[in-house]
Structure formats: structure tokens, C-alpha cells
Amino acid sequence: MDIPYTVEVRRDTGLTNGKIGIWLFLASEVMLFGALFASYILIRVGSASWPRGDTFLDVPLATLNTIVLIASSVTMVMAWASLMRNRFGTFRLYMGGTILLGLVFLVVKYFEYSHHLHAGELPRTHNFLAIYFTLTGLHGLHVFGGMVVNAYFWGPGAKLWKTNPVWFTNRVEHSGLFWHFVDLVWIFLFPTLYLL
Amino acid sequence: MTSDHAATSMTSDHAVDIDKHVRVYITVFVALMALTIVTVAVSRYHLPVPIAVTVALIVASIKGSLVACYFMHLISEKKLIYAVLALTVVFFIALMALPVLTVHDGFWIR
């Protein structure tokens, strides 16, 4: 049986089911990260002293990662726009760029983490480091998850473009919504952890 | 404009529409870069914590709004999505307010 409302919109909602599904998922993600942000506030406010992020963390590297992630959001939305213009080749370029930028983000994060681990700055060392590793670790997992889905649409999943281009375009839009959400979370994580 | 809106055809009018969107995406990208520089530059002044937090959150909120409105197309979305997000915002605010209850050694929850 075919999945209903993947291409045509429902008359009652004006949306495809996939669009509603991804937004409901993102709403749950807001609560997940929200709970951790609330924990951060609780720990910070309850602490007698709190270090500025730049005493532990590398701000230039994190700034680079912010630029990389914002750039990846642009390539992601351009990948979708390319499909809307019927330019599959351009879609592949932009989607490939998005995946590569995601990889750059994770590699930079790896260097940051390895520096901390070699310096003995572990989650158990300080509450700041505990919440830093928790928040950035969860965020990094989201980047990785987004990359896996994007790689699927860049590779084997792209076969759908030949048989049902509108469905494929909708799928790319939905994975893009997730990717932009991951970017949005980092936009708040960066000043919260590194600059304050 | 979302792909849902253009589910059935990709006409030349539609292509022109997407071209406009692409120009907006590039403008938003430049704005996001500029705001990132502002965020880092302000942090170098070592402002008092309450002011630094306020400035950082205002700039981050502007950046977040740009991403949500233009990259995630929330500026032209359907009512049901807005309803889902409104409910999310209510619960998110409640979640952020929870730590406030612990102020003054939990005076508000005794």
C-alpha cells in the first residue's frame, strides 16, 4: 500500500503528511535541547563561580565551526532550490557540499575534544565541562544523523528523482528542515558555551 | 514557498519565484555572517554578565529567526505548523522558567 499524502497535500491541513511529521519531530527536539539548556541555567545559577567559556574553550575554532554550519545551511537550502528548478546535477553539488561541510564541522569538533581529553579536561573535572560535553556531544550526534540522511539522498535515495521528482523534492525539504534546526541549535550553543 | 505549494508542476513562473528565493537566501547568509562577527566582537569587551547574556541572546535570537523564517520557510507556512510551534513555545518557556523556581534556595517551591 502506498504511503498517503507524500506528494499531494491533505485538504484539511493543506500539508503533506511528511511535512507535519518532521515539524512534530522538531517540536520534540526543541524540548530535548530545551531540557538541557534549562539544566545548564540551573547548574550555572546554582554555582558559586562559573568560568567564562573562553578559559576552557577555543573561540576561533568554534567561530570557524559556526561559519561552516551556517554555510552548510545555505548549501542545503540551495540543494532544495535546485530540485525546484529541475536541476538535479546542481542539487548533487550543493548536497555534496552540505555533507562535506558537516564533515568539516565534526572534524573540527574532534580536534577540540581531543585537546580537552589530552589536557585532562574531562566531564568529571568541572560542571562547566560536563554540560559542555553533554550539549555539544548531543548536537554532534544530530550533525552526524543529518549527514547520514543527506548522504542517502545524495546517493541511493536519489533514484526516486527519476520516478517521482516531487516526492523526492519534498523528502529533501524535510531533511533540510532537520539540518537547519541543527544549525539553529548551534547558533544558541555557540554564545552560551563559548562566549559567556 | 515550499515544495508542497508547487507539488504538481515546475513552470517558468515558478522558476522565477525560486530565483527570488535564492537571492533572499544569499542575503540571509551575509546577515548571519555579519551577526556572527558581532557576537564574537561583543564578547571581547568583557561586559558584565547580565548585559553580555542579554546581548548574546538578542543576537542569537535574530540569527535563529532568520534561519527559521527563510531557510525553514516559516515566513510562509501553514496554520497547522504555526499551531504546533505555538504549543512548543509555551512548553519551552515553561521549561526555561523551571530554574527560576530555585532562586532564593527554592523559596517559590517550598
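This is a predicted model: local features need pLDDT of at least 70, side-chain atom pairs count only at pLDDT 80 or more; totals for chains, interfaces and linings use all residues.
A residue counts as buried if 20 or more other C-beta atoms lie within 10 Å of its own, as exposed if 12 or fewer do, and as partly exposed in between, with C-beta atoms placed from the backbone. An α-helix has 3.6 residues a turn, so residues three or four places apart point the same way. How far apart are the end C-alpha atoms of α5(A)? They are 40 Å apart, which agrees with the 40 Å that the 28 residues of this helix (127–154) should span at 1.5 Å a residue; the expected span is 1.5 Å times one less than the number of residues.

Now step back to the whole of chain A. This chain has seven helices and zero strands, where helices (H or I, at least four residues) and strands (E, at least two) are DSSP runs numbered from the N terminus. The C-alpha atoms of chain A fill a box of roughly 60 × 35 × 25 Å along the principal axes. Of the 196 residues in chain A, 39% are buried. Two residues are in contact if their C-beta atoms, placed from the backbone, lie within 7 Å. Among the contacts in chain A between residues at least 6 apart in sequence, 77% join residues at least 24 apart.

Chain B is also built from helices: there are four of them, and zero strands. Of its 110 residues, 18% count as buried.

Where do the two chains meet? Here 47 residues of chain A are in contact with 41 residues of chain B. On the chain A side, the elements giving two or more residues are α1 (17–46), α3 (59–84) and α7 (165–195). The largest share of that side, 14 residues, comes from α1(A). By class, the side of chain A that touches chain B holds 30 nonpolar, twelve polar and five charged residues. In this count Ala, Val, Leu, Ile, Met, Phe, Trp, Tyr, Cys and Pro are nonpolar, Asp, Glu, Lys and Arg are charged, and the others, Gly among them, are polar.

α7(A) packs against α2 of chain B (residues 49–71) at an angle of about 170°, with the axes 9 Å apart. Axes are lines fitted to C-alpha atoms, for helices over the stretch in contact, and angles run from 0 to 180 degrees between N-to-C directions. The two helices are therefore roughly antiparallel to each other, a term for angles over 145 degrees. The residues that meet include A:His180, A:Leu184, A:Ile187 and A:Phe188 from α7(A), and B:Ala56, B:Ala60, B:Lys63 and B:Val67 from α2(B). The residues of this contact divide into ten nonpolar, two polar and two charged.

The largest nonpolar core has 60 residues; such a core is a set of buried Ala, Val, Leu, Ile, Met, Phe, Trp, Tyr and Cys residues joined through C-beta atoms within 7 Å. At least two residues of this core come from each of α1, α3, α4, α5 and α7 of chain A, together with α1 (12–43) and α2 of chain B. The largest share, 15 residues, comes from α7(A). A:Ala79 and A:Trp80 have the most contacts inside the core. Leaving aside neighbours within four places in sequence, A:Trp80 is in contact with A:Thr169, A:Val172, A:Glu173 and A:Gly176.

A:Tyr5, in the segment before α1 of chain A, has phi near 55°, a positive value in a residue other than glycine. B:His46 sits in the loop between α1 and α2 of chain B, and its phi, near 50°, is positive too. B:His46 is exposed, with 10 other C-beta atoms within 10 Å, whereas A:Tyr5 is partly exposed, with 17.

Methods
Residues are numbered from 1 along each chain as its sequence is written. Chains are lettered from A and ligands numbered from 1 in the order in which they are written. Angles under 35 degrees count as roughly parallel, over 145 as roughly antiparallel, 65 to 115 as roughly perpendicular and the rest as oblique.
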